[in-house]
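Here is a short tour for anyone who likes to have the structure open while reading. Keep the viewer at hand and follow along.

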Amino acid sequence: MNRLTGFSRAGMAGAAILVVAALVALIAPLLISADALDVTRVTAAPWQTPGAQHWLGTDHTGRSVALLVVQGAGTSLFVGLTAAVLSVGIGTLVGIVSGHFGGLVAGALLRVTDFFLVLPALVLAIALSTVLPRGLGTIVLAIGLTSWPSTARMVRAQTLTIEARPFVERARALGGGHGHVIGRHVLPSVVPLVLVNTTLAVASSIVAESTLAFLGLGDPTRISWGAMLHQAQLHGAVPQRAWWFLLPPGLAIVVVVLAFTLVGRALEAVVTPKR
Amino acid sequence: MRLAGRLGGAAVSLVMVAVLGFFLFRVVPGDPVVSMTRGRPTTAAMQAELRAQFGLDRPLHEQFWSYFTSLLRGDLGTSFTFRRPVAEVIAERLGPTLLLVGTATVIAVGLGLWLGVRAAWRRDSAFDRATTGVSLTLWAVPTFWLGMLLMMVTGDLFPSRGMRDTDTAPDFVSQALDVGHHLVLPSITLVAVVCAEYVLVMRSSLLEEMHAPYLVTARAKGLRDDLVRRRHAVPNAVLPAITLVFLRFGLVVAGAITTETVFSWPGLGLLFYDALTGPDYFLLQGLLVVTAGAVVVMNLLADLLHGVLDPRVKVV
């Protein structure tokens, strides 16, 4: 049976949205001139309602909201992807090590994993990004370093399951070392799980990025969807009923995060067959 | 034995929280006093006082020891922005947060479990599809954005800032009504986001039980469909779901921070925002230790509660 046929329609829709979002993020910086996004050089009036010239209106400085949303896609996707890779990378490493090697190391790692699993990741991420200098690297670190434990638990469980199978026992009996067992048997069986986890982690990382940016902890030199909403809150878009400034960045977050979630769930359904 | 192990584990976690709180604010690149006082008029004497409070002039292990012993005494240092003891500032803000988080959690758990059960029981029905779809979408919605939207859509229908008006009559009934009025939008925001998670958790928990042999027996006995659900399937499926609700308490904490920030609800979440905009490291450290400690305690409770509710898991 072709495994891809199991990919649900919702998953395909999600994948299509992601392709469009990625194209927008890559092409936008080439088409938008820096002048249009420079607060000191824009000429349009602030708080304009959507019209023929600015079809999503303008923000508090007179910049076009449509251009800002398009430009913000890059930052949000970049942070989401890199933070997810960092988080899943740490989680996979910790999971395999604590699953493969028993004894004191595994015990200690498990203890630390459970500790961080319980702590509210956002609170830790806030504390980290407050003490570190503002910037893209800080946000990626803050999200990646606080969201790995669930991956670690899952990968550890998978490692334990695989290592209990007869073919791993056979490999060991034939003299296969740690490197061989991990590289040839554990890793291949963990990869599908890691893939699913990365996709879902991108979704939560994008939400986390927008939250940190909303709280004013983002990179002040870059436009992101969360940073736009931070500006909207600071300059009173709500009391002014400036829906054109509030809706587009939020909807962009929801659509992209939902797309990653749908793709992740579809992948999950393919990877873990129904009982 | 298991009880002792759980208590010991929680105690170790609490010590780890304290250690984390200490090192997180000591690995700051550069001088924490300089970054805290940036943009504020400060005298050399004030800076020296702050340095002494951080203990920057002493070796690290002495700093840690004095931090740890004062923590055990309930002393979290002095807030730089409020110029009062951190423990005092935090204690003041506890009430409003408990009110908001408590209300939202009760509603979200009730609604989430109910919707989750309905959706799972009629799997792939229109109701199931709609519930799952809405939950997944709400899961993707940033809490703060939902709050801002609600505020804009409802306009003047509900107050959107703070917890009470200054001109409300001082008697209990009008005060309670006023607080309730202010509570509407923040709790809807928090419920919407947290509830989505509970629906999905409850749904998958019940789906796990759907083909269990004991349900076949119950049906074979001739029980009506909703009796099978109420008396047999749900009691078994609700336990893991309830445990997960406690385990995801961190999620509620995170939601409270952004919700309180959007609605200026005078609780711990807004205090978090004040502390990070300062930045006020002592306040932030205190908040981190207190919230993380609370989450550790909640988890211990979940564990113990699970043992009480489910005879198969014996605690003692």
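This is a predicted model: local features need pLDDT of at least 70, side-chain atom pairs count only at pLDDT 80 or more; totals for chains, interfaces and linings use all residues.

## Where chain A meets chain B

Let's start with the contact, to which chain A gives 31 residues and chain B gives 35 residues. On the chain A side, two or more residues come from each of helix H4 (103-118), helix H5 (121-131), helix H9 (178-214), helix H10 (225-234) and helix H11 (243-271) of chain A. H11(A) supplies the largest share of that side, with eight residues.

What kinds of residue make up this side of chain A? The side that touches chain B counts 23 nonpolar, seven polar and one charged residues.

## Annotated spans in chain A

An unreviewed UniProt entry lists "transmembrane region" for residues 68-96, 108-129, 135-155, 190-215 and 242-267 of chain A.

Two of these spans can be checked against the model. Residues 135-155 of chain A are 76% helix and 0% strand, with end C-alpha atoms 31 Å apart. For residues 190-215 of chain A, the span is 96% helix and 0% strand, and the end C-alpha atoms lie 36 Å apart.

## Two positive phi angles

Arg241(A) sits in the loop between H10 and H11 of chain A. Its phi is positive, about 55°, although Arg241(A) is not a glycine. Arg241(A) counts as partly exposed because 13 other C-beta atoms lie within 10 Å.

In chain B, look at the loop between helix H11 (249-263) and helix H12 (268-277), where you will find Ser264(B). Ser264(B), also not a glycine, has a positive phi near 50°. With 14 C-beta neighbours inside 10 Å, Ser264(B) is therefore partly exposed.

Definitions and conventions
Residues are numbered from 1 along each chain as its sequence is written. Chains are lettered from A and ligands numbered from 1 in the order in which they are written. Two residues are in contact if their C-beta atoms, placed from the backbone, lie within 7 Å. Helices (H or I, at least four residues) and strands (E, at least two) are DSSP runs, numbered from the N terminus. Ala, Val, Leu, Ile, Met, Phe, Trp, Tyr, Cys and Pro count as nonpolar, Asp, Glu, Lys and Arg as charged, and the others, Gly among them, as polar. UniProt positions are given in the numbering used here, feature names are shortened, and annotations may be inferred rather than shown by experiment. A residue is buried if 20 or more other C-beta atoms lie within 10 Å of its own, exposed if 12 or fewer, and partly exposed in between; C-beta atoms are placed from the backbone.
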